[in-house]
Amino acid sequence: MGENHLLKTLHPIWLERVIQSMTKSASVSEDLRGQLDQFYSLLVQSVETSDPSCLDPVILGWAESLTQSDLEGDTSNLTEFLNELILLTFNIYRETLDEIQTVEVIGTILPAFTFAYQRAAKYEIIAHSGYKSNQLIETQQALERLEKSKSDFIAVAAHELKTPLTLIEGYAYMLCESHKEVSPQSSEMQLLNGVRNGIVRLRSIVDDMIDVSMIDNNLLSLNFQPVWLNRLFTLLQIELKDSLNERQQVLTIESFPASDDLSFGDPERLLQVFRNILMNAIKYTPDCGNICIDGRKLPGFIEVTISDTGIGIDPEDQDIIFDKFTRLTSTSLHSSGKTKFKGGGPGLGLYIAKGIVESHGGAIWAESPGYDEKDLPGSIFHVLLPLRADSPDQKMAKLFEPLTHFRSAKGHVETQ
Ligand code: ADP
């Protein structure tokens, strides 16, 4: 008897045995019977035509019917199923045929099974990767929704807090003023000063939250005016004098090329950037440490560096510190206060600084050998800002035209 004829004869025996061993519930077995029947017929056909590709649709159908729970794990259900089918088939042949017939039939059918197995593996990988990429898209969308609602919450909360805060601030100020005249040393006066300090802290947090929501929603608008960076640094040195003295730290401002050149930027916002970086430098540097502002001129840009002799930042944290609400475990709160050593903050300062610098068309990044509270490797913050000869705002450009003409006549500033 030829192998093809043998294969056809074994069809009903194969079907019954496979269904018996593979399925437990009657309904599934009925459902599967048709598919297995078709699979075996196609198997025989592929041997007759020497073309196994006729098995393709049935394998594809099985791959497409893989359920979510099939795809959730890392198990290869379809290839495992085919594996089992191949082993069962070989056993059935062994039990039903003599040795020579078994070897011949298996030899005939092997290319078809190899084809089926390869196709199953291919379709299963496609199904798994499709499922995983769908999951990734869903997670991404969920994250975006979460991020949006977080940003909406910050905006609403900040604006809702601002109005009552202004009222409290006004009344506290009036109370302070009236007490200052009558009893400046009284205990009430001390309490009122405490209230006012609290209000100042609260206002700065609310302002930061509003800035964050403006950056998140691309609403940060810059008021371009002439800026001399060295003047900003001097202003900050004066502003931070008390904190530096309290921490016995020295702030050195180097004079570097272009630091006294006129460029256009938002002075208030740039002050905020350098204030945030400098306050961190004070906070994360132990008492008696050094902080230095330096920089260099690059074609079309000015690069400012703020270095400290503080606790440093691990390389893997040097990007995430610019995310909002980042607080590194290494700098977990020891005390509260804006310039106390490792004093806690809401983790918004660098996020805001990055938003402002990027709105100016610049970049900000941190560099440090790592975090070490004993050896104090320090950190360097780089702020790269474009040197602008004119204001991008037409009205401002017109207003400051005489100044820019004067400057170009002197050939003072290199334009972009
Ligand atoms: P915070 O309000 O916590 O200071 P920031 O956004 O200003 O928030 O800073 C985020 C985190 O970056 C800080 O909590 C701190 O862990 C780290 N960091 C910032 N500046 C320095 C620095 N100069 N040295 C060491 N760590 C720093």
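Is Ser379 buried or exposed?

## A loop serine

Ser379 is buried, because its relative accessible area is 4% and the cut-off for buried is under 20%. The model is a predicted one. Ser379 sits in the loop that links strand S8 (363-367) to strand S9 (380-386).

What does Ser379 touch, once neighbours within four places in sequence are left aside? Its contacts are Ile306, Ser307, Asp308, Gly312, Ile313, Glu367 and Ser368.

## Helices H8 and H10

Two packed helices are described by the angle between their axes and the distance between the axes. Helix H8 covers residues 229-239, and helix H10 covers residues 267-283. Their axes come within 10 Å and cross at roughly 50°. H8 and H10 are therefore oblique to each other. The crossing is right-handed.

From H8, the residues in contact are Leu229, Leu232, Phe233, Leu235, Leu236 and Glu239. They meet Pro267, Leu270, Leu271, Phe274, Arg275 and Leu278 of H10. By class, this contact has 10 nonpolar residues, two charged and no polar ones.

## The nonpolar cores

In soluble globular proteins, nonpolar side chains tend to be buried together. Here the largest nonpolar core has 57 residues. Leu229, Phe274, Val304 and Val383 have the most contacts inside it. H10 supplies the largest share of this core, nine residues.

Another core lies apart from the largest one. It has 40 residues, among them Tyr40, Trp62, Ala63 and Ile86.

Technical notes: Residues are numbered from 1 along each chain as its sequence is written. This is a predicted model: local features need pLDDT of at least 70, side-chain atom pairs count only at pLDDT 80 or more; totals for chains, interfaces and linings use all residues. Side-chain values use heavy atoms; hydrogens and water are left out. Axes are lines fitted to C-alpha atoms, for helices over the stretch in contact, and angles run from 0 to 180 degrees between N-to-C directions. Helices (H or I, at least four residues) and strands (E, at least two) are DSSP runs, numbered from the N terminus. Angles under 35 degrees count as roughly parallel, over 145 as roughly antiparallel, 65 to 115 as roughly perpendicular and the rest as oblique. A crossing is left-handed if the near helix is turned anticlockwise from the far one by less than a right angle, and right-handed if clockwise. Contact means heavy atoms within 4.5 Å. Ala, Val, Leu, Ile, Met, Phe, Trp, Tyr, Cys and Pro count as nonpolar, Asp, Glu, Lys and Arg as charged, and the others, Gly among them, as polar. A nonpolar core is a set of buried Ala, Val, Leu, Ile, Met, Phe, Trp, Tyr and Cys residues joined through side-chain atoms within 4.5 Å. Buried means under 20% relative accessible area, exposed over 50%, partly exposed in between (1.4 Å probe, protein chains only).
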